[in-house]
Every structure is written in C-alpha cells, then in structure tokens.
Amino acid sequence: MISLSCIGAWIVLLTVGCSVTHADDSKIVGGMTANERIPYQISLQVLVSSFFGFGPKRWMHNCGGSIVNEYYVVTAAHCLDGMDINRMSIVAGTNDLRNDSSKGTRYFLESYMIHPDYIELNRSDIGVMRVKEAFTFNENVQPIRYSSDFVGGGVTCLLTGWGYTMPIRVGSTPKDLQEAELTTITNDQCRERGMPVNPTEICTFTRVGQGACGGDSGGPLVCNNQLSGVVSYGTRYCGIGVPDVYTRVSEFDSWIQENTQTSGSSSDTPPAGE
C-alpha cells in the first residue's frame, strides 16, 4: 500500500489488506448497520491462508463494488491492480458475511479491466469485473444505474460497505454491511481541507467522526439513487475531519458503458487479469 503525506496525515487507499481478521458488529465510522438490502452492493473477496499463512485457505473481504448489469461490477482500480484473478471472487445478495458469506451467492471472475489512465492516489481509480456466470436478479440482487450527472457540493448521498468501523484500523472489520449518509463538498472545499483532488474525483465531508475507512474501497457512493462515486482514498486515520475521496462516476460513464457490454462471452481484447 503506497501512501503520501498531506497536512500531517497519511493519505492511503481504502483497501483492507490480507492481514486483517473478521468479525465485529459495530459500525462504519460514524455510521450504522444497514437495515435494508443494498441489492447492488457486492463484497470483493480474496483467497488467503489463515493463521499467518500456515492455516487453511479462506475467503476474506477486501473491497466493495456495485453491480451494473447481469455480468459486470464497477469497483476501484486499486482493488484489482496486480491481483491474481484465480484468487478473487464476488459475493452478492447479502448484508451478512458470516460463515464464509453463506447467506449470499459467490461468483467467480472471468476477467477484469483497469482504466488505462489509472495512477495510484492520483487519477482514474476505477475498474470493471466480469463474472463467469450471470447474476441471478431477485429482491436481493439488482443492478444500479450509474450516473452521467455531475454532482456538486451539498448533496446528501449514501455510502455502504464492510470497512473498518474505528478511526484506527486495528482488529476486525464488520460482518454486517454498514451505511452512512454523507454530504458532498465542492472540489475547491476539498482542496482547502487538504486533499489534492482533480476534476475526476468527488469528495464528502459531513462531520468529524464519520466517513469511509479501509475495506470500503471500490464501494458505492449513491446520490439521487444513482452510482455517483467509487470509494478511492482517505487518510490513514478515518473520520478525523479530512474529506473522503471517490472516483467521480459521471466522468467515466462512457468508459463504463463501452467496457461492460454483455454480448458474447468476453471482449475481443482480453482485459487485464485474464
């Protein structure tokens, strides 16, 4: 995980990392347990060895993502960069990751693609994943429309994820999906608060003690019932009064559309990860 300093805090990508254990029922930093189904939300999981690499392999939540059609999920590029596709899977249809995510359905990946302009902690932190078998849509699994509309400041949005629930990333991440209502700020306000964002990013800041954290990466920021942001990065200590940064989906809606076509088994040019 690469980091850089900014106004005395460390800016980091909001993945979990494979040393984290599971099982806590507290909240996203300043949020609450999601009582309603979030049918577009998925858990992107990686296969790791337990007991510091010496135990049996198990699936561990690493990032979030959003279903956009029957085969494709949108997530953050840094959740995919350098990953072995054979050690990745998606769990859909549940808010509960207990018992190896048995309440949901596990899907394996056919391919993934990272935006060609992606630079870590800088720009274009977005990617798409294609599952081998189509999602079965029902009341628990549904796609979300991704936004082509610019979202300015002062908009109330919904963040969901299984990321850390305390400002310091120690211990375990929650088993129950968490949610928080957050307010967007303008990019100028975001820069004034110390985050060097560009026009392809969007920021939220509501209050000290609330925000995204490690494990929320790739997950959805939904504004006006549309996928408007993809969790990208924040500070090493979560919810300390510095904005969270998301990839601005409206800047990439054409790229998403072009690379999430469902005709045929795969694209003519194999994406990264195949």
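The exercises below work through disulfides, strand pairing and salt bridges in a predicted model.

**Exercise 1. Find how many disulfides the model holds, and describe the link of C63 and C79.**

Solution. 
Step 1. Apply the cut-off: two cysteine sulfur atoms must lie within 2.5 Å. The count by this rule is 4 disulfides.
Step 2. Check the pair. The sulfur atoms of C63 and C79 are 2.2 Å apart, and the two residues form a disulfide.
Step 3. Assign the hand. The angle about the S-S bond is -90°, and the link of C63 and C79 is left-handed.
Step 4. Look at accessibility. Both C63 and C79 are buried.

**Exercise 2. Work out which parts of the chain the disulfide of C190 and C203 ties together, and state its hand.**

Solution. 
Step 1. Confirm the bond. C190 and C203 form a disulfide with sulfur atoms 2.1 Å apart.
Step 2. Locate the ends. C190 is in helix α3 (residues 187-192) and C203 is in strand β14 (residues 201-204), so the bond ties together parts that are 13 residues apart in sequence.
Step 3. Read the angle. At -80° about the S-S bond, the link of C190 and C203 is left-handed.
Step 4. C190 is buried, as is C203.

**Exercise 3. Decide whether the link of C213 and C238 is left-handed or right-handed, and whether each cysteine is buried or exposed.**

Solution. 
Step 1. Confirm the bond. The sulfur atoms of C213 and C238 are 2.0 Å apart, and the pair forms a disulfide.
Step 2. Read the angle. It is 70° about the S-S bond, and the link of C213 and C238 is right-handed.
Step 3. Locate the ends. C213 lies in the loop between β14 and β15 (220-223), and C238 in the loop between β16 (226-235) and β17 (244-248), so the pair ties together parts that are 25 residues apart in sequence.
Step 4. Apply the cut-off for burial, which is under 20% relative accessible area. C213 has 0% relative accessibility and therefore counts as buried. C238 has a relative accessible area of 2%, so C238 is buried too.
Step 5. Write the pairing for the chain. With the bonded cysteines numbered in sequence order, the pattern is 1-2, 3-7, 4-5, 6-8.

**Exercise 4. Describe the strand partners of β7 and what covers its two faces.**

Solution. 
Step 1. Take the partner β6. β6 and β7 run antiparallel and are joined by 2 bridges. They form a hairpin, with 4 residues between them.
Step 2. Find a residue position in this pairing. V73 in β7 has I67 opposite it.
Step 3. Take the partner β10. Strand β10 (residues 127-131) pairs with β7 in the antiparallel sense, over 4 bridges. Here V128 in β10 is the bridge partner of V74.
Step 4. Inspect the faces. Y72 and V74 point to one side of β7, V73 and T75 to the other, and all are buried; both faces are covered.

**Exercise 5. Find the number of salt bridges, and characterise those of D176 with R98, R106 with D100, and E110 with R130.**

Solution. 
Step 1. Apply the cut-off of 4 Å between a side-chain nitrogen of Lys or Arg and a carboxyl oxygen of Asp or Glu. The count by this rule is 6 salt bridges.
Step 2. Take D176 and R98. Their side chains meet in a salt bridge at 2.8 Å, N to O. D176 is in the loop between β12 (172-173) and β13 (178-185) and R98 in helix α2 (residues 98-101), so the pair ties together parts that are 78 residues apart in sequence. D176 is buried at 17% relative accessible area, whereas R98 is partly exposed at 27%.
Step 3. Salt bridges link D96, R98, K103 and D176.
Step 4. Take R106 and D100. The closest N and O atoms of this salt bridge are 3.3 Å apart. R106 is partly exposed at 22% relative accessible area, and D100 is partly exposed at 46%.
Step 5. Take E110 and R130. Their side chains form a salt bridge at 3.2 Å, N to O. The pair links distant parts of the chain, with E110 in strand β9 (residues 105-114) and R130 in strand β10, 20 residues apart. E110 counts as partly exposed at 22% relative accessibility, while R130 counts as buried at 3%.

Technical notes
Residues numbered from 1 in each chain as written. Predicted model: local features only at pLDDT ≥ 70, side-chain atom pairs only at ≥ 80, totals over all residues. Heavy atoms only, no water. Buried < 20%, exposed > 50% of the residue type's maximum accessible area, 1.4 Å probe, protein only. Pairing = 2+ DSSP bridges.
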